[in-house]
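Here are some notes for a colleague who is opening this model for the first time. Please keep the sequence and the structure in view while reading the points in order.

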Amino acid sequence: MTQQFYVSPEQMMKDRADFARKGIARGRSVIVISCADGIALVAENPSPSLHKIGEIYDRIAFAAVGKYNEFESLRQAGVRYADVRGYSYHREDVTARGLASVYAQSLGAVFTAESKPFEVELAVAEVGPTADNDHLYRLTFDGSIADEQGFIAMGGQAEQVREVLDGRWDVHASYSEAVQLAVEALSADRKPAGEGTSDPQASQMLAPGLLEVAVLDRQPLTERGTPRAFRRLNDAQVEDIVAKPVGS
């Protein structure tokens, strides 16, 4: 006779959460950081085509860690939602808050009803006319939403990354300074061989080819003649920023 074991709903939810966290922990980190010029999105990503950062709408961007096929399907769904809402109502009715709510419902439904949760963590960012008007939302695999202030750090090394960012994030920083800080934080666990220092500046800095960087310009209409704030940086632009002396 086969012995059957009863698994409580609480234990089932815990097992699903542990499964999702393990998958996310294997992902390389992503930083979304607000600054004077707008919002910078920086990811450790060696792939030139499988993007972890993308545009959703005029002033809204998306970033993710975890399983690519899962967060890419969510990104595409977000683009469709934004296009339909902007066409049916008004472009200003498409907001990061509304998009985050839609993502939360989708993630929560999968987590509670499906056999396997999504192994993803998402960030939705909307740039405002000033840094005080920026909106940064972080969503976890179970549909929980956090309204973050200043920056978001996600991925396997999120806690270590936050340690670098805490106390050093400056709302008045330029794009270059914000990206430099983000790269330094992402590089914090890459120590030179034989050294045990916790000083992030002593870490082996990530090469531009291992980085994916995009920005949401605060005044795209004035600066570039378009309402679309999203702009992806190429390797040469990233290398130029990373090579600059800090504070220049």
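1. Helices (H or I, at least four residues) and strands (E, at least two) are DSSP runs, numbered from the N terminus. On that basis Ser176 belongs to helix H5, and the whole protein comes to seven helices and ten strands.

2. This is a predicted model, in which local features need pLDDT of at least 70 and side-chain atom pairs count only at pLDDT 80 or more, while totals for chains, interfaces and linings use all residues. Residues are numbered from 1 along each chain as its sequence is written, and side-chain values use heavy atoms, with hydrogens and water left out.

3. Ser176 is buried, its relative accessible area being 14%, where buried means under 20% relative accessible area, exposed over 50% and partly exposed in between (1.4 Å probe, protein chains only). Once its neighbours within four places in sequence are left aside, Ser176 is in contact (heavy atoms within 4.5 Å) with Ile241 and Lys244. Across the protein, buried residues make up 46% of the 248 residues.

4. Helix H4 (residues 158-165) packs against helix H5 (residues 175-186) at an angle of about 140°, and their axes are 8 Å apart; axes here are lines fitted to C-alpha atoms, for helices over the stretch in contact, and angles run from 0 to 180 degrees between N-to-C directions. H4 and H5 are therefore oblique to each other, given that angles under 35 degrees count as roughly parallel, over 145 as roughly antiparallel, 65 to 115 as roughly perpendicular and the rest as oblique. Val161, Val164 and Leu165 of H4 make the contact with Leu181, Glu184, Ala185 and Leu186 of H5.

5. A nonpolar core is a set of buried Ala, Val, Leu, Ile, Met, Phe, Trp, Tyr and Cys residues joined through side-chain atoms within 4.5 Å. The largest such core has 27 residues, of which Ile31, Ile33, Val42, Leu165 and Leu211 touch the most other members. Among the elements that each supply at least two residues of this core are strand E1 (30-35), strand E2 (38-44), H4 and helix H7 (235-243), while the largest share, eight residues, comes from H5. Another core, of 24 residues, lies apart from it and includes Ile39, Ile53, Phe111 and Phe230.

6. Which residues does Ile33 touch, not counting residues up to four places away in sequence? They are Gly38, Ile39, Ala40, Gly150, Phe151, Leu165, Trp169, Ala178 and Leu181. For the protein, among contacts between residues at least 6 apart in sequence, 64% join residues at least 24 apart.
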